[in-house]
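Reader: Could you take a close look at the aromatic rings for me? I'd like to hear how they pair up and what sits around them.

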Amino acid sequence: MHVLHAIHDFLPRHQAGSELYALRLARAQMARHHVTMLCADFDPARDHGEVVWRMHDGVPVVEIINNWRCASFEDTYTSPLIGARLRHALLTLRPDVLHVHNLLNLSFDLPAFAKAVGIPVVATLHDYTLVCASGGQRVHKSEQHVCVDIDTGRCARCFTESVFYEQTTFGSLMTGSRSGRLISKAAVRARRMLPVLTARAAQVARHAGRLPVTKADLDARMAAARRAFGSIDLFVAPSSSLARDFVRFGLPAERLRVSDYGMPQWPAVNGRTPGQPLRIGLVGTLVWHKGAHVLVDALRTLPPDSYQATIFGSTDTFPAFASEVRARAAGLPIAFAGEFAPDRAAAIYHDIDVLVVPSLWPENSPLVIHEAFQSGVAVVGARTGGIPDLIEDDVSGLLFETGSAEDLARRLRELIENPARVTTLAAAAPRVKTMEQDAAEWEDAYAEVIGRRGPQRA
């Protein structure tokens, strides 16, 4: 069959967990099926709405440039232009099934477009972008608030403080250029005067012409998300925690099942040396909701000769936050190793004893924990989202109270004072599903929604 995967962005420029999973699943499926990736990208060097057909690692990719030019807030999730490009892609490719990973940067209408032309739709729920306009983490950063419930009044404030609002161009009094971004005439005049403006006045000028975002706007977005729920035949959540939350947010439980991610396999070859300082690692994007600062604050309370810490992740994606974490880590035995290519992951885990996952947001089923499990690396994780679904506290890992540097330091101190526990915890890690098993499960799911389960497997 022909499987079309839809995701908000894709490699090589974007290499976060959902993008890597989508690529790995596509590669596993290509042994039996034709697979295409449909994605978006924000690229001011190219025209808004431009469509690029390319290849990545043997996978055909259809990429739509979405530079967030919007006549209204509604266009951030149902842009007419992006919608037209998506319809054209569906009619051109005519897949047997559409597999949605994320509708951010695409359109909430994509599942309905597919259903209208007879294409069944399934979805992997990687995060909360359907119900969280500010990136899907359910975290209001400026107020340091984790959103247990979706309060659309708070969402309106949060969105205007997010990177998405910063990159969005609202309104009609605009001037265009081949370089991509449209900016308001008022902003152009203001930028000419920047040397004589105060910082606050400059900020106001940069936002000249932008529309306010209201609670009613976010209520409408939530209604659109629930309409999208109705056009998707089957949802799969990698963790029970995420599944329960989406049912609370209006997703029909009868169309939802829980099945964890598949992962590429490699042998457990951790290189721990007895008697040496505990080697602590953090792997992931350096962004506030991932909690790198919590780890640094915890390490500051531990004897500096008792551990060596390495933080893996690009310092360029969110440079202001990365600089803040570096400043906090000054004088501590903490190295910033930057990002690494996916094919180096096994080697990275070989050089650490303990992976710390200090997330502040309700994580789904972090791929880094699966990687640590199969690498023979112990895991210490925050008690949030799907992390406790993966880690049995004091058996297959350690849990600490989310956001508490003090509690994280306590758990790390346990491992420093009793190094044998590191090996014991790692040995008790659960088995990780293979990508081949995952691809076979998805093949059955596709056949189920297409209505030909038996003949397809035959």
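Author: Quick term first: buried means under 20% relative accessible area, exposed over 50%, and partly exposed in between, using a 1.4 Å probe and protein chains only. This is a predicted model, so local features need pLDDT of at least 70 and side-chain atom pairs count only at pLDDT 80 or more, while totals for chains, interfaces and linings use all residues. Residues are numbered from 1 along each chain as its sequence is written, and side-chain values use heavy atoms, with hydrogens and water left out.

Now the rings. Those of Phe, Tyr and Trp (its six-membered ring) pair if their centres lie within 6.5 Å; planes under 30 degrees apart are stacked, over 60 edge-to-face, and the rest tilted. That rule gives 13 aromatic pairs. One of them is Phe73 with Phe159, edge-to-face at 5.1 Å centre to centre and 85° between the planes. Phe73 sits in the loop between β5 (69-70) and α2 (75-78) and Phe159 in helix α5 (residues 152-160), so this pair ties together parts 86 residues apart in sequence. (Helices are DSSP runs of H or I, at least four residues, and strands runs of E, at least two, numbered from the N terminus.) Phe73 is buried at 4% relative accessibility, and Phe159 is buried at 1%.

Tyr128 and Phe249 are also edge-to-face, with centres 6.5 Å apart and planes at 80°. Phe249 is buried, with a relative accessible area of 5%, and Tyr128 is buried at 0%. Arg138 lies over the face of Tyr128, 4.5 Å from the ring centre; a charge sits over a ring if NZ of Lys or CZ of Arg is within 6 Å of the ring centre and within 35 degrees of the ring normal.
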